[in-house]
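Me: I would like to learn how to read a model like this one, feature by feature. Could you take me through it?

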Amino acid sequence: MVSSILGSATGRPAPPPRAGVLGRIWRRPRGAAGFALTGLLVASSLLAQLLAPHGPLELAKESVLQPPSWTFPFGTDELGRDILSRVLYGGRVSLLVAFVSVLLAAVAGVVLGLASGYVGRWWDVAIMRLMDVVLAFPAIILAMAIVSMLGPSSANAMFAVAIVSIPVFARLTRSAVLAEKEREYVEAAHAIGASGPYTVFRTILPNTLTPVVVQVTVSMGYAVLLEAGLSFLGLGTQPPQPSWGAMLFTASSYLNQAPWYGFFPGLFLTALVLGLNLISEGIQEAFSRTA
Amino acid sequence: MARYIGSRLVQAIPVLFLVSVAVFSIIHLTPGDPAYVLLGPNALPDQVKEIRAELGLDRPLPVQYAVWVSRVVRGDLGRSYLNGFPVIGLLDRAWPVTLQVTIGALLVALAVAVPLALLTVRFRRTWVDHAAGAFVAVAYGMPTFWVAILLVFVLSIRLRWLPPSGYVSLGQDPGQALRLLLMPSIALSLGVASVLARFLRATLLEELAREYVRTARAKGLAERAVLYRHATRNALVPVVTVLGMQFGAFMGGAVLTEAIFGLPGVGRLLWNSVLSRDYAVVQAAVLVSAVVFVLINLLTDLCYGLLDPRIRYG
């Protein structure tokens, strides 16, 4: 998986994403399944207000840890809250953290990668060593260290996930820039007197974006798992706000009384990661056939 | 070869230095003076001054860093803010536990991934291949802690085959220790197993397209012998690298696994100290994890150089 991304970054340039690419991905079975699954989950959490039969924080003292029923399709939790509603609302946190953190990481990583690859010399050395340092820590351990400094909250978890996701974008962009820099169109841009920033952002950048787009979907799947892990450990989204990770943590102490409790949050989490990974595979397939 | 080892070692030094600076800053970037963290919010100014002098916090940062590094190198990782125990002792007790789970997970990952990859290659483009592919894709998306919950529910609560959680050292009661390690190892292995299975399938297919395979087939070897004796042996070489790269996933996953199964490993130590703001222990656990991770990566590169002569001279 990794080798194919790096392959397209260092090898021949893949065509830039254009209209019609989405159609190509959609026509691959994996891409279509990924879009359908992810789309369903995104829609269900965006429409949580309409779909959820109860409020996510609504307590029903008389129905604590109820098994699934018509009133509570996924059962109720230890405070009598409807698990279906909490799963639907909990998806918002997962999606928001994954989306924002990966977007931040992609922008930061691409800028660092461009600087590193185009300016070169000691900028390159400094940026790449910095990325090596981030990569020297196992991701969740670094994220835990960051959250321990800033305090547990979903915003800080988002920040931590963003930091650990930067290096892969920086490395990817750098290697793409190094390959593109030597090409004739860059020389042509220089020859007609284009400035450095113009060359970087208007001529090189668009040609390096394909691997970045693929990596965004891969990283988002990873970010969802990381955020859930942090919330599971009590370092991400804080109660009473619903999040899949935190729900699974509470569920693990009620396995005897309420085995269904943890099943649904975990199922949604797995489905979202699966959907995002299928999309990235679909994108890779769509591009590799045309490259 | 010596030059290759030398250059890889030299590359690791600046990374280790910067890692140590980053870890050193954990205490200093944390809002609030460590002295207050130690003494609580109601500390008297004199007490704070005393503690600051005792910890060396009144000296310039580079000096503090130098003192800290020289202590760390000698194995002195400070004392826990919480209970005053030497941190090195806490880590000493926690490491074997994490190591056991990690080795267990590694074995399970290999035991799952290698047969699965062979199966998909042997029956490629049949329903076996597709089913295994779907299993691998789902397994990759399953969070460690959900797998753990499902395992505990099925294997200990419903079937009552295994104890749900706890830890016994291997020396104390080997049978019970292994029974307790089984579920954590499975939970931790799944993500890595799916990456490995997918990777191995791709390399096996690559190997099967090579000339030596054609030769083996041409001389009339059974397809099974070609696959198991020839292609597999060559395809297993890059697996070393993948396992090395996935080691970080193991160490990260160990935190979650240990949290669920009540294993007193490094991950749980780190988790507890993050929650109790015991920064001395956080700092040490993070440092040790990073150093081990860097060394494993170094070792992986060296192994790879050893196994594949092309890398050394490249």
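Reply: Gladly, and let's begin with the order of elements: along its sequence, chain A reads α-α-α-α-α-α-α-α-α-α-α-α. That comes to 12 helices and zero strands, where helices (H or I, at least four residues) and strands (E, at least two) are DSSP runs numbered from the N terminus. This is a predicted model, in which local features need pLDDT of at least 70 and side-chain atom pairs count only at pLDDT 80 or more, while totals for chains, interfaces and linings use all residues. Residues are numbered from 1 along each chain as its sequence is written, and chains are lettered from A and ligands numbered from 1 in the order in which they are written.

Me: How many helices and strands does chain B have?

Reply: Chain B has 14 helices and zero strands. Its C-alpha atoms fill a box of roughly 85 × 55 × 35 Å along the principal axes; for chain A the box is roughly 75 × 45 × 30 Å.

Me: How do I read burial, and what percentage of chain A is buried?

Reply: Count neighbours: a residue is buried if 20 or more other C-beta atoms lie within 10 Å of its own, exposed if 12 or fewer, and partly exposed in between, with C-beta atoms placed from the backbone. In chain A, 51% of the 291 residues are buried; in chain B, 36% of the 314 residues are.

Me: Is Ser69(A) buried or exposed, and why?

Reply: Ser69(A) is exposed because it has 11 C-beta neighbours inside 10 Å. You will find Ser69(A) in the loop between helix 4 (48-51) and helix 5 of chain A.

Me: What should I look for in a nonpolar core?

Reply: In soluble globular proteins, nonpolar side chains tend to be buried together. A nonpolar core here is a set of buried Ala, Val, Leu, Ile, Met, Phe, Trp, Tyr and Cys residues joined through C-beta atoms within 7 Å. The largest one holds 169 residues, and those touching the most other members include Ala143(A) and Leu270(B). Beyond its neighbours within four places in sequence, Ala143(A) is in contact with Ala160(A), Val161(A), Val164(A), Leu226(A) and Leu230(A); contact means that the C-beta atoms, placed from the backbone, lie within 7 Å.

Me: How is a pair of packed helices described?

Reply: Two packed helices are described by the angle between their axes and the distance between the axes.

Me: What covers the buried residues of helix 6 of chain A?

Reply: Those buried residues are Ile127(A), Met131(A), Val133(A) and Leu135(A). Their cover includes helix 5 (83-119) and helix 8 (154-181) of chain A, together with helix 1 (2-29) of chain B.

Methods:
Two residues are in contact if their C-beta atoms, placed from the backbone, lie within 7 Å.
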